[in-house]
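This briefing goes through a structure topic by topic, for a reader who wants to check each point against the coordinates.

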Amino acid sequence: MKTSPDDFVPAAGNGLLDRRVFLRAGAAGSLGLLAASAGAQERPAWAKLPGEGMGPAGAPSKHEAHIRRGHLSLQTGTTGSGASRTPLEFLDGIITPSRLHFERHHSGIPDIDPRLHKLVIHGLVRRPLEFDVDALVRYPAVSRIQFLECSGNSGVLTAAEPVQASCGSIHGLVSASEWGGVPLSVLLDEAGVEPRGKWLVADGADAAMMSRSVPLEKAMDDAIVALYQNGEPLRPANGYPMRLFLPGWEGNISVKWLRTIKVTDGPAMTRDETSKYSDLREDGSARLFTFPMGVKSVITSPSPGLTMRQRGVYQIAGIAWSGAGRIARVQISVDGGNSWADAALDEHVLPKCLTRFRAAWNWDGGPSVIMSRALDETGAIQPDRGSWFDGQSRGNFYHYNAVHAWQVGADGESTHVYV
Amino acid sequence: MSMSSISGSAILLCIATTAIAESPGLGEPVSQSEIEQLDFVVMPDGSGLPAGSGTAMEGQALFATHCIACHGEDGTGGINDRLAGGHGSLATDAPAKTVGSYWPYATTLFDYIRRAMPYQSPGTLTPDEIYALTAYVLFINEIVDENAELDAEALPAVRMPNADGFTWDYQP
């Protein structure tokens with residue numbers, strides 16, 4: 001089906017088109033594509049000889065070598081503490097390729113021999129137990145296609161002036177994967193949690209032995225000990241050979257390289273949960289245990305570095321997510337928030353997962369401020385920037401989830417703006 | 001045994017079987033001595049703290065050897081986290097979240113140093129040295145005096161200036 005701008009129904013100001021264009025089969029795929037030209041039959045150079053053979057493992061096209069984790073921020077004086085970010089602007093769909101999953105390490109990536117690694121569950125349990133990988137793969141497995149977001153993601157947006165950087169550099173501490181593993185509740189039940197057990201303290205086998213306290217309630221609800229990421233064993237950067245995965249909660253608590261779980265009667269008040277991942281308020285008080293990641297969305301295309309070269313119809317694409325459940329709705333504005341229209345959501349709208357949204361925009365070539373705003377199934381709405389700061393300390397950058405804006409200039413380049 | 005108590009036991013057995021139905025039960029028992037080897041958790045009430053002791057005076061020399069390169073002289077900041085000062089800054093536009101101004105529990109210092117410090121060689125300090133370094137970091141924040149000796153009883157008794165500065169977002 002060929003589409004033209006004349007087929008499109010305006011949905012909001014400045015050329016935003018009705019999302020139904022994406023609900024008609026094939027229409028989305030045809031946007032921006034030229035009709036095949038008629039003419040003499042010919043072959044491209046790469047179809048004139050048999051191609052290369054098979055291999056033991058695949059790799060991305062050499063033409064996509066620029067799609068790399070960006071914005072490596074290393075803690076000074078270290079080689080392994082810091083973060084790398086998912087290049088969101090180059091990706092589509094809802095699954096992050098494992099090689100591009102963001103990283104946040106506190107003392108580098110340990111080189112763990114899985115034959116020597118064990119998970120020990122102890123503390124307030126009737127039977128302290130240890131499990132190795134060989135044992136865990138024999139348990140009934142579960143799969144969760146869910147996001148993981150560092151609570152410091154997008155924290156640079158608390159700066160007084162908008163930082164000019166790519167979408168991934170700003171928002172790329174979020175990724176989504178299919179996580180496979182064993183429900184933590186099954187292992188805790190086997191160990192037999194005593195009635196006094198209300199929390200657990202998990203730590204990793206990295207050199208920082210990074211530790212976090214987890215309410216037992218969450219552990220028994222939807223937590224898993226993950227062994228697989230997108231169908232293969234976890235990557236070392238994501239906790240090989242096993243990690244905790246707590247859906248919808250701030251990433252730091254999903255302890256990688258999981259080594260011990262101690263059932264306790266309260267939180268241990270570890271360094272990371274008190275001095276780091278706590279949220280300072282304007283009055284100098286701070287909130288502990290701000291676990292769920294708030295409802296959030298960001299437009300990944302267009303965005304800085306993805307130039308719009310001519311006026312006409314473009315697809316606006318982005319991701320939305322909420323730690324509370326499913327995304328219910330995403331609204332788009334291309335006129336700086338004066339008018340809004342619903343985006344189309346891709347088929348896979350999963351709880352605590354990235355949801356891909358799309359909108360069609362007939363760009364007239366003029367400067368335009370484009371924004372997205374997400375709502376989740378609990379009724380939570382992504383706040384505007386001003387509301388997010390209500391009561392916050394200027395020194396807090398955790399859990400930033402306000403509506404984000406790009407300005408598309410007349411030159412087709414996107415820049416970061418505050419509205 | 002009466003019939004009713006037999007059926008009662010049968011029901012209990014059924015429930016127990018159901019509860020572990022999804023578990024092949026492959027966890028291996030762990031001995032108490034093995035657990036002691038790998039349990040690094042120190043709780044705010046001091047449980048988990050090992051035997052040993054140290055003073056701020058002893059910690060000062062250790063700090064100069066192991067910590068000063070990243071945290072600066074007297075913990076006032078270097079290429080990594082500032083550990084001291086910042087008192088009264090939390091409600092300002094430039095809050096300084098140091099051990100003294102922000103951390104709610106002194107036990108966290110021992111727990112964290114034992115786990116993760118020194119950055120390049122974690123696990124090399126003895127319990128006495130960790131107590132001494134903990135005491136020194138508290139001393140430079142004017143929370144204990146230079147001769148205070150910290151051990152498993154004294155450390156959890158230290159009251160941090162910002163102990164009441166936190167509220168819980170998560171409600172059990």
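In this predicted model, A:Asp222 and A:Lys218 form a salt bridge in which the closest N and O atoms are 3.0 Å apart, and both of these residues are buried. Over all chains the count comes to 20 salt bridges.

**Salt bridges in chain A**

- A:Asp113 is paired with A:Arg115 in a salt bridge whose closest N and O atoms are 3.0 Å apart; A:Asp113 counts as partly exposed because its relative accessibility is 26%, whereas A:Arg115, at 69% relative accessibility, counts as exposed.
- A further salt bridge brings together the side chains of A:Glu232 and A:Arg235, with an N to O distance of 2.7 Å; A:Glu232 counts as partly exposed at 30% relative accessibility, and A:Arg235 likewise counts as partly exposed, at 31%.
- Salt bridges that share partners also reach across the two chains, joining A:Asp203, A:Arg259, B:Asp111 and B:Arg115 into one network.

**Contact between chain B and chain A**

- On the side of chain B, 45 residues are in contact with 64 residues of chain A, and the two chains bury about 4,600 Å² between them, of which 59% is on carbon and sulfur atoms.
- B:Arg115, B:Tyr119 and B:Tyr170 together supply 15% of the area that chain B buries against chain A, which is more than any other three residues supply.
- Four salt bridges are counted between chain B and chain A, and one that B:Asp81 forms with A:Arg271 has its closest N and O atoms 4.0 Å apart.
- Polar contacts between the two chains come to 23 residue pairs, with both residues at pLDDT 80 or more.
- The elements of chain B that give two or more residues to the side touching chain A are β1 (28–29), α2 (32–38), α5 and β4 (166–168), and among them α5(B) gives the most, with five residues.

- Chain B has seven helices and four strands, which follow one another from the N terminus in the order α-β-α-β-α-α-α-α-β-α-β.
- Of the 172 residues of chain B, 43% count as buried; among contacts in this chain between residues at least 6 apart in sequence, 58% join residues at least 24 apart.
- The mean pLDDT of chain B is 90, and 87% of its residues reach 70 or more, but over residues 1–21 the pLDDT stays under 50, and the model has two contacts beyond four places in sequence for that stretch.
- Where pLDDT is low, the predicted coordinates should not be read in detail.

**Helix α6 of chain B**

- Helix α6 of chain B covers residues 127–139, and its 13 residues should span 18 Å at 1.5 Å a residue, which agrees with the 18 Å between its end C-alpha atoms.
- The buried residues in α6(B) are B:Ile130, B:Tyr131, B:Ala132, B:Leu133, B:Thr134, B:Ala135, B:Tyr136, B:Val137 and B:Leu138, and what covers the buried residues of this helix includes β2 (53–55), α3 (56–66), α5 (107–116), β3 (149–151) and α7 (154–157) of chain B.

**Loops and backbone details**

- B:Pro161 lies in the loop between α7 and β4 of chain B and counts as exposed, because its relative accessibility is 53%.
- Apart from residues up to four places away in sequence, B:Pro161 touches B:His87, B:Gly100 and B:Ile143; the C-alpha atoms of B:Pro161 and B:Gly100 are separated by 6.8 Å, although the two residues are 61 residues apart along the chain.
- The peptide bond from A:Ser301 to A:Pro302 is cis, with omega near 0 degrees, and A:Pro302 lies in the loop between β18 (296–301) and β19 (312–321) of chain A.
- In chain B a cis peptide bond joins B:Met117 and B:Pro118, with omega about -10 degrees, and B:Pro118 lies in the loop between α5 and α6.
- A:Met209, which is not a glycine, has a positive phi near 40 degrees; A:Met209 lies in the loop between β10 (199–204) and β11 (211–215) of chain A and counts as buried at 17% relative accessibility.
- B:Glu142 also has a positive phi, of about 60 degrees, although it is not a glycine; B:Glu142 lies in the loop between α6 and β3 of chain B and is exposed, with a relative accessible area of 76%.

Technical notes. Residues are numbered from 1 along each chain as its sequence is written. Chains are lettered from A and ligands numbered from 1 in the order in which they are written. Side-chain values use heavy atoms; hydrogens and water are left out. Buried means under 20% relative accessible area, exposed over 50%, partly exposed in between (1.4 Å probe, protein chains only). The expected span of a helix is 1.5 Å times one less than its number of residues. Contact means heavy atoms within 4.5 Å. pLDDT is the predictor's confidence in each residue, from 0 to 100. Buried area is the accessible area (1.4 Å probe) that two parts lose on being put together, summed over both. A polar contact is a pair of N or O atoms within 3.5 Å; within protein, one must be able to donate a hydrogen and the other to accept it, and residues adjacent in sequence count only if both atoms are side-chain atoms.
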